[in-house]
Amino acid sequence: MREPHTVVVVGAGWSGLAAAAELCAHGVPVTVLESARQPGGRARSIRGGEMTVDNGQHLFIGAYRSVLDLMARIGVDHQRAFLRLPLTLTLLRGTDISLQFKAPRLPAPLHMLGAMLTARGLSARDRLRAMHFGRRLARLRIAEHEDISVQALLRDQAQTPELIRKLWAPLCIAALNTPLSEASARIFLRALRETFLNTRDHSDLLIPRLALSDLLPSPCAAYLERRGVRVDAGQRVTGLDISDSVVRGVRVGEHAIDASHVVLATPHLISRRLMAAHPGLQVLCDKLAELGNEPVVTLYLQYPQQTRLPRPVLGLEDTLAQWVFDRRVCGQPGLMAVVMSARGAHAQMTGEALTKRIATELANSFPYWPAHRHSLLIREKRATFSSCVGIDQLRPANRTPVSGLWLAGDYTANGLPATLEGAVRSGMACAHGILLERAREEKT
């Protein structure tokens, strides 16, 4: 038996680690149970042949304050961890620059005005329409039950087809991982406001210099263990102990672990599976069953070490490849990470056919590159929840109807799309809720 007031966090992904770190900082006994052999969940580093790569290429932004604060708490230096650049969006169509959009180092929102005025590849009409939308952004609000698609929103805001194709569609796919015609305008507006309407540095691009596991999961697990928190890997939770609408603990096979609070920091499919046997959670489980998933495909192509992009990250237009990252930034010269988000023709292609197609697309944009030497394809079929129209009506609160049972993850009702920032905020919210309940208990 564990100490009866232990908090059990199920899952050592970014949300679970955030919850455990916050509780640990306040002296609350915590045990973290992770079914995999390493922390990080769906955002970690993996070994593929001779390469150590991330299971999906990630781009951070300055608005990820919860992630950055947690990294600072566990001793990860931001300057060492990231290459920080002003917001820059460069799209190539073949070898030509189709769009170049760079924010000058001016106070917000002047930095966005400057970026739009100097944007290359947009007509004067397009710039004016985009600036008009930007001026309205702070006032635009959409209620949960009145949500519309991003495509409908942009049409309502008189954005031209060219502007949508070059600017808004790439931003929507990158932020929401959901097709424009299905993506939630409500979530899209929230993401735009957080990125562009606060301080200028919120829109900065933070490109990892470290492997994904070294950014947060591994140092956070080490931070917890140094403070007496058990992070037990290879421990798959198989059930919840609930009686009288109060959580009593969890089961790992035949072993029972008592707990006063349980945080399910697992993907929503796993959380629903664990809760499905309990009648009081049926309505919640029904809502979770309606949350869809979107894939992300990352293709790593190893070229000779002298091969490089003109910028750390570039977008490609009218191709299956959406974004190309130069892994030279994180000490892997010649390695390119090609990202294909959401559903699309790439999802139906064999690995061999997709690799050949992407290599051809890169050769069209960079004809001076030699042939790649080897490749690694990673398909995350359930990389994120689907940020589709009306999804906020389905996203659950952190607190469940069962006393002491909490949900953490990017899919919970934090207002953000499926991001690592949303995951960390959700974990923190669970921790703060538990701390409040413990404080009330101590007073009674």
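Across which strands does helix α1 lie?

**View 1. Helix α1 against strands β1 and β2.** In this predicted model, helix α1, which spans residues 14-25, lies across β1 and β2 (30-34), and the helix runs at about 165° to β2.

**View 2. The open parallel sheet.** Five strands, in the order β10-β2-β1-β14-β20, form an open sheet in which the pairing is parallel. The edges are held by β10 (230-233) and β20 (405-407), each of which has a single partner strand, so one side of each is left without a neighbour in the sheet. From one strand to the next, the twist averages 20°. Within this sheet, strand β1 (residues 7-10) is joined by 4 bridges to strand β14 (residues 261-264), the two running parallel, and Val9 has Val263 in β14 as its bridge partner.

**View 3. The hairpin of β7 and β8.** Strand β7 (residues 88-93) pairs with strand β8 (residues 96-102) in the antiparallel sense over 6 bridges, and Leu89 has Phe101 in β8 as its bridge partner. Between the strands of this hairpin there are 2 residues, and Gly94 takes a positive phi near 65°.

**View 4. The nonpolar cores.** The largest nonpolar core has 126 residues, and those with the most contacts inside it are Trp14, Phe60, Trp168, Leu224, Val262 and Met275. Helix α14 (residues 420-443) supplies the largest share of this core, namely 8 residues. A second, separate core has 19 residues, including Val297, Leu299, Tyr303 and Val324.

**View 5. The surroundings of Leu224.** Once its neighbours within four places in sequence are left aside, Leu224 is in contact with Leu17, Ala20, Ala21, Cys24, Val229 and Val231.

Terms used: Residues numbered from 1 in each chain as written. Predicted model: local features only at pLDDT ≥ 70, side-chain atom pairs only at ≥ 80, totals over all residues. Heavy atoms only, no water. Core = buried A, V, L, I, M, F, W, Y, C linked by side-chain atoms within 4.5 Å. Buried < 20%, exposed > 50% of the residue type's maximum accessible area, 1.4 Å probe, protein only. Contact = heavy atoms within 4.5 Å. Pairing = 2+ DSSP bridges. Axes fitted to C-alpha atoms, helices over the stretch in contact; angles between N-to-C directions.
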